[in-house]
Every structure is written in C-alpha cells, then in structure tokens.
Amino acid sequence: MGVHENTFDSTLGAYLLLLPTLVAIVAFLYYPSLQTLRFSFFQTFLFGQNTRFVGLANFTELLSSQVYLTSVGLTIAFAAIVVVGSLAVGLAVAFLLYEVSDGKAAYLIAAIWPYALPTAVAGTVLLFLAHPSVGIYTHYIEAWFGVEVDWFTVGWQGFAVVAIAAIWKQIGYNVIFMLAALNNVPESLNEACELDGIETWRRLVRVYIPLMSPTLVFLVVINTIYAFFGSFALIDLMTQGGPTNATNLMIYQLYRDAFQFNNLGLASAQSVILFVLVAGLTFVQLRVSDRYAHY
Amino acid sequence: MTGITTTDLVKRFDDVTAVDGVDLNVREGEFLVLVGPSGCGKSTTLRLLAGLESPTEGAVAIADEDVTTTSPGERDVAMVFQSYALYPHMTARENMTFGLTTATQFTDDEVNDRVAEAAEILDIEDLLDRTPSALSGGEQQRVAIGRALVRDPEVFLMDEPLSNLDAKLRVQMRAELAELHAQLQTTTLYVTHDQVEAMTLGDRVAVMNDGEIQQVAPPQLLYDAPATRFVAEFIGSPGMNTVEGTIKRRGDAVHVTWEQNTVPLPRPVPEAVTSRAGESVVLGVRPEDLSQEKRGPLNMEVTVTEPLGDSLLTRGVVGATEMEVSLPPRSAVNVGDVLSLTADPQRLHLFDVETGAAFYHSADDVASEATDQTARDAPRSRT
C-alpha cells in the first residue's frame, strides 16, 4: 500500500455508497417478488385492492385445472424444442461463419440481425412472412411440403410457427457467443487437426464442442429462461395463445389471468410456479453440466 | 527416398516477403536444423512444408513427390508445435490416437501397439490416462512427440519444440531428441532460434536470414568457415567479431588494418585476397581465437567482464569497434584495463563489405571443404 493511501474504514460511508443500488434492487426486485409470493395466497378483486386470504387454494386450483396442466406440458415441450433448435441451428451457423473466409462480416450481420430486432417487430415480420393467405412463404411451403398452411386455426401449425419464430429470434444471440468461443480455440489445435487429416464435421464434434462446453452450458441456461419467458411477445402478436390454446404457454396464461381476467392472486401463484420450475431446471442443468463441461 | 526438396520457395504476406527463394534439400534420414533470428522466415518455411501455408511461388516435394498443392493431412508429415497443441479435453492416449483412429485405416490392435511402442520410447507409459492439464511442460512435450511418432510419418517437422521448457529440461530433451532420431532415422526438419540447439542437434544446419538461406553445412563447418558475415555473427556464443578494415600489401606480407590496429594474414596469401589490396573488407575473428599477448597488435580497452566459469568473456573496444574476447578463467582483468591481444593467424576470415560473402578463411582445409559443400547444397545464391 502506498504511503499516501489511507484505509477506508467508514461502515456508514460504505452503506451510503451501496444505497442507490440497494434501493433499486429492493424496490424493483425483492419487494415485487415478495408481494407476488404474498398475493399467491390471496384471492384478489379490483386490481388487488380487496383481498382475501385463501391459503394454497390458488395452487390447488391451478394444479387441478386441465387447461393449466396442458399449458405446463406445452411450455415444457416448447422450451425443449426452442432450446435444442436454437442451439443446433446457432451452432451450425456459427461453425459455418467460423470456417468461411470471404464475406465473413456480411454473413455475421445477416446471422445476428433477427436478434437485433425487437421481439414485437420480429413477431410482426414472421406473421406476414408466414401468413396463411398473404404470406410470401406460404405458397412454397404448401407446394413443397403438401401441407395446407392454416396456422390461424390448426393448433400444431400455430405452435410450430411460434416455435420457429422463437428459434429464429434467438439464433443471433447464440451465434455471437458460439463464435467467440470458437475463436478462442487455439490456432495450433486447428493446425494439429489439419495435419491429422480430421474432417470438418468430426472436428466440430470431437474438438470444438468439447472446448466450447462452458459457453454451451451458459447458452442452455439462457435459452431455457428465454423459452419460458421471452416468447410472450411473439405469442401475443401472432396467436394470442390460440388456435384452441395450442400456444397458450404458461407465461401467456399468466398474463391473461393477471391483466385480462384481473385475477392477480391466481396469476401470482402461476408466477411462483413458473419461477420454481425454471429455477429448478437451471439448477439441474448446471449440476449435470458440471460433470461434462470441460472448463 | 523420403527427403524434402523445396524449389525457389517464395511466400509473401501482402507486401512482406517472409520466404524469399528458398532452395532446401533435406536428405533421407537426415536431421536438418533451420536456424535464424526471429522473423527470418524459418517458421513460415516449415509451415509451407507442412502445408499449413501455401507458397506464393515455388514447389515443395516430399519423397520425390510434388506436394505443393496437397492438403496437410495427405502429406504424411507429423508436426510438433512449440505450444504442443494437445487437445486439452483428451487424455494423453486419446491425443496420440485421435488422428490415427479418425483419419486412417488402422485396426484397434495396431493403434494400441503403436501407442505402447511410442510410450515406451518416450517413457510416458504411466501418463497415458492423464489429460494435458495434469502433465508438466516436459511431459506434455513428450506426448506431443508421441503423437507424431505413432503416425510413423515420412517426415517430422518440429517448430521450436523446446522453447517453452525451462533451461535444464531443454538440455535434457535435446539429448533425448538426438537419441530418438538416432534410433528412428526419420527425416526431420527442426526449426529453432537457438543456435546451440541447432549446432548440437543438426546433422546439418541451415542458417536463414531475411527469408533467404545463408548457408547449409554441418555444424563444425558452419563454425569454422561461415559463408557470410551474417552466419559468422550468428553462429557461436558469442558470435564472431567483425570489423571493417583495409587490405594493405607490403611485399609478400598482407595485413588488414583499421585505425591503429593491424592483423597480419598468414602466408601464402591467396590471389583472392592480394587482388583486393587497398580495398575495404570485413575482418572476422572469433572471441575464442583472440588471446592476450605482450605487445600484441590489438589494444582493447575493457568495458565489461562476464565470468562464465570455464572462461572469462571480456567485452571492450578496439579502436572504435566493440569486440569480445574469451580469456582463460580467473584472468586478472578489470574494467578500464587496456589489454594487448593477438589473433590466431589460422582462424581469420574475410568478408566482402557489400555482399557480406566470405572470400577467405585462413585455415586452408576448411576453405576448400566449404566451397565443396556450398557448391553441392546451394545451387543458387542470392547474396
């Protein structure tokens, strides 16, 4: 320590410096979280101005509701598809970008552009690209795959379109991180592979993916959270939970109960369930990956 | 035959010419060391041979087969990198077998046999199930060499493989590499910036500077009869003293003089020297070939003394030129002393001022040998 430095030993001063952050965290994070937990034990009327303690009634109601349980199942399926899809496509795109030598910047911009769009804009764009009657892709999909595109009324099509939109939106984010991880692979390892005559895709699977594993673990967690929470805007714009509840994911059901049916107590209970589900999943992912990821 | 031949190899990166017309011939079974200062193009030359870079001009042949456009994996070369380049997530065994099991048609038994054999040669049998992070630098380098061994390639390419090791381990590994080559007799091209490594390991040593090969010769010849001023100054520790002087002729006697200093050349003086009487030349004499002598022709004022144990390396100025002299250990020499020195007349070298090319070595036998060698190995010289 230098001669002119004095140890800062004022505890009060330290708390004063922390105060702005503490205020913001308490006001916008801890207090709302605790209120949500509290609300979940109440039946509420008039935007929560009149409340009645009901204990676990909200939870029992939800867990015995066929609509809600279907929504939970749909959400888990949706998350699985979006996480696997966005990681797989992202990895393929990132690897191609890593390998290409000409026009790299242009491809990179193209790849991350969807991520730069606000979700609402992305949803609107997708809505018109794949619109059942005026969408520019609709004709080709019908011609090549022999399906009649009608995702405004056919449940699985609505689900598929929202899942594709969510994957498409997330690819850019994944590509940025994956490309950074790939660029961290020492050049001499690439050269060792070249000299060993390891073909490209085998190199990806046996060398790059293991070396990228810390980044991939991070992305699995982030994409899981995204799939559970981030798809709200897409659903609200494209399907409003329909057709026939086929895209009624937990986050959308929660929104409807809270702001369309003004049932804050029930919505709070759903928040708690959603939080526990995602936190539990994240915990399991980190635990499992500890064993496999190569740090 | 499994030698390597490069023909007029040129590599340019934008406007930088890294390799400038290299003709190199590594003979079958030979251990050839490519040595030079940082940025001289030696690593680029090696990478051109490996196929990791493609030449701007010229050709590469391995085992008499033109491989200029062949991909690295198909050249049947194995490379050992300075950074080892081990796959960090694989065990030592997996590192060694990865290339074999994926790119070749060996059966599992053959692969296991090869690994066992290489592990025995390198004494790493107990380390095979560890990952690189659990190995020391020397052990990692052994595994990296093992990876090259199991492939049983036509040619080994080594890019400063010992540079990341500490001094003691480097000396040990150097001896092991020499032993390994004696045992396997695989054609090897070894790149280093360390001239001691070059001299101790190489059957022959190629000295490179500014993208060009200066001289290719056995280590002793390189030391005794450097073909250029650069080689003279680069080889040896420390390198040769060089000083610009004038050839003076008085009857039969020929001297090189600068300022108040005069070095006589031994008789008979060849025509190549006498014909240059009155011209400027560069005189070269090694620190080991200078010694103290009363009323010697050279006076050196001492500026630095470096006791090396087996000798006392003394630096000083002769006239305006800085020179080094290797004196017997425990010589009574202090900074500021003026030493009277003489040069061994059988160990003098003269270089052209402009081109730096040697045109005279006072020891006749090495001179003729050097000419032979140069004629054989460097058909084209740009210097």
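A: Let's start with one pair of residues: in this predicted model, Glu244(B) stands opposite Val282(B), a residue of S14(B). As a general point, strands of a sheet pair through backbone hydrogen bonds, and they can do so in parallel or antiparallel fashion.

Now widen the view to the whole sheet. S11 and S14 belong to an open sheet of 6 strands in chain B, and reading across it gives the order S13-S12-S11-S14-S20-S21. The pairing in this sheet is antiparallel. At the edges you will find strand S13 (261–264) and strand S21 (358–361) of chain B; each has a single partner strand, so one side of each has no neighbour in the sheet. If you follow the sheet from strand to strand, neighbours are turned against each other by 35° on average, direction ignored.

Chain A holds 12 helices and 2 strands, and along its sequence the pattern is α-β-β-α-α-α-α-α-α-α-α-α-α-α. Its C-alpha trace spans about 80 × 75 × 35 Å along the principal axes. Of the 295 residues in chain A, 30% count as buried. Taking the contacts in chain A between residues at least 6 apart in sequence, 70% join residues at least 24 apart.

Definitions and conventions: Residues are numbered from 1 along each chain as its sequence is written. Chains are lettered from A and ligands numbered from 1 in the order in which they are written. This is a predicted model: local features need pLDDT of at least 70, side-chain atom pairs count only at pLDDT 80 or more; totals for chains, interfaces and linings use all residues. Helices (H or I, at least four residues) and strands (E, at least two) are DSSP runs, numbered from the N terminus. A residue is buried if 20 or more other C-beta atoms lie within 10 Å of its own, exposed if 12 or fewer, and partly exposed in between; C-beta atoms are placed from the backbone. Two residues are in contact if their C-beta atoms, placed from the backbone, lie within 7 Å. Two strands pair if DSSP finds at least two bridges between them. Axes are lines fitted to C-alpha atoms, for helices over the stretch in contact, and angles run from 0 to 180 degrees between N-to-C directions.
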